[in-house]
Amino acid sequence: MEPTTPYFLPHIARMQGYIPGEQPREAGIIKLNTNENPYPPSPLVVERLLAACNEGLRRYPDPGATGVRQRLSRLFGVAMEETLVGNGSDELLNIALRCFAGPGDAVVYPYPTYAYYETLIQLQGARSVMVDFAEDFSLPDSILVPDARLTLLSNPNSPSGTLLSRERVEQVVARVRGLVLVDEAYVDFSDGGSLDLVRRYPNVILTRTMSKSFSLAGMRLGFGFAPAALVQGMWKVKDHYNVNQLSLVAAEAALDDLPHMRANAARIGATRQRLTARLREQGFQVWDSQTNFVLARTPGPAAAGLYEQLKERRILVRYFAQRRLEDCLRISIGTDEEIDALLGVLAELL
Ligand SMILES: Cc1ncc(COP(=O)(O)O)c(C=O)c1O
C-alpha cells in the first residue's frame, strides 16, 4: 500500500513493510502461528521482575547491558567486547543492515527464509540477491556472491525448520569476501551452533534471541556475538537505551536459570517429533525440523483453505501466500494438549 502523502522517501513509499503473524486479542485460541514458547519462563524471571517494579524505574537502564553481557561472556566463553544485546534479535539485524549495507549494496540470502531480511534490505535501499534453497533446503553454491557486502543465513531456517551443517556454514564464511550474519534464533532447539566461527573468522556475526527457547518473546531481548572490532562499530548505531530496564532484569534471570530453558526445549523437541510423525501419517510432507515449529506440505486440500478452516475452529497456524510455500502450513510446537487438539481437527478436516 503506497502512502498517499508525498513526504516519504521514494524507497520507503515503495515498500510494503513487514507483516507480523497475527496476535489475536481474544482468549481461548490455540496459537501456533508465531513460534512462541508454550511454556512459561523461569520462575526466577517473574520473581526478579516483580522485585524490579519499584521506584528505580525512574532511571534510564544501563546502556551497556553489563549484567547480561557479563553472563553471556561467562556462559559462552567469549569476551564481553564480543557480545551485543538488543531489543529483540530483530534490532540486532536492523543494526547490522544499517552498519553494513548502503544504497545499491548487494545483500544475499537464501529463499524462502525470514521475511524481515527483505524489509531491512529495502529500508537501506540496498539490493537483495535471493538464492533459492534446494527442495530439501540445502544451500546451493550460488549463495557465494563475490561482491556481497552481507550474507544472511537463518540457521536453523524459518519457515523450513531445517538446519545447515556447521561445515556448510563454515564453507560460506570462508569463501565469501563480505560479512556473514548467522541468525540462530532457534539454535537451542537444534544440535547445531556456529559460535566457534566468531572466534575463528573476522567476518561472522551471530544473533540469538530469548523470544523462543527462553519463553520471553514479550520482553524483546536478543543477543549476539561478533569479533570485538565489529561489535565496537555496531554499538555506535544502536539506540543508547535500546533495552529497557525490565527486559535487562528478565534476561539476567533467564540466563541464571539455563536448566529451565533446556528442559522446555527438550520437551518441545519431543512434541515436535510426535507431531512430525503424526502429520506424516496423515499424508503431509514434513521437513526435518530442528526448531520449535514444523513446515508441512498439505496432502491435497489447499493450504490456504485448511488454514481458514483451522482458524474457524480457533486454531491459528501460519500460512504464507508466497512462492514455494503456497501449499504449506507452518505450525509452531504447542503443549501436548494443543498439538493433540490440532491433530484431532486435522483428522476431521482431511
Ligand atoms: C529467523 C528469525 N530471526 C529472528 C527473529 C526475531 O526474533 P526476536 O523476537 O528476537 O526479535 C525471528 C522471529 O520470529 C525469526 O524467526
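Mentor: In this model, 30 residues of domain 1 are in contact with 27 residues of domain 2, a contact being a pair of residues whose C-beta atoms, placed from the backbone, lie within 7 Å. The model is predicted, with pLDDT of at least 70 needed for local features and 80 or more for side-chain atom pairs, while totals for chains, interfaces and linings use all residues. Residues are numbered from 1 along each chain as its sequence is written.

On the side of domain 1 that touches domain 2, α10 (258-281) and β10 (293-297) each supply at least two residues; helices (H or I, at least four residues) and strands (E, at least two) are DSSP runs, numbered from the N terminus. The most comes from α10, which gives 7 residues to that side. By class, the side of domain 1 that touches domain 2 holds 14 nonpolar, 12 polar and 4 charged residues. Here Ala, Val, Leu, Ile, Met, Phe, Trp, Tyr, Cys and Pro count as nonpolar, Asp, Glu, Lys and Arg as charged, and the others, Gly among them, as polar.

As for the two partners themselves, domain 1 comprises 10-40 + 259-349 and domain 2 comprises 43-257, with bounds from an automatic or database domain assignment. Their centres, taken over C-alpha atoms, are separated by 23 Å.

The shell around the ligand divides into 3 nonpolar, 8 polar and 2 charged residues. Of the 13 residues around the ligand, those that come nearest are G88, S89, D90, T209 and S211, where a residue is near if its C-beta atom, placed from the backbone, lies within 6 Å of the molecule.

Methods:
Contact = placed C-beta atoms within 7 Å.
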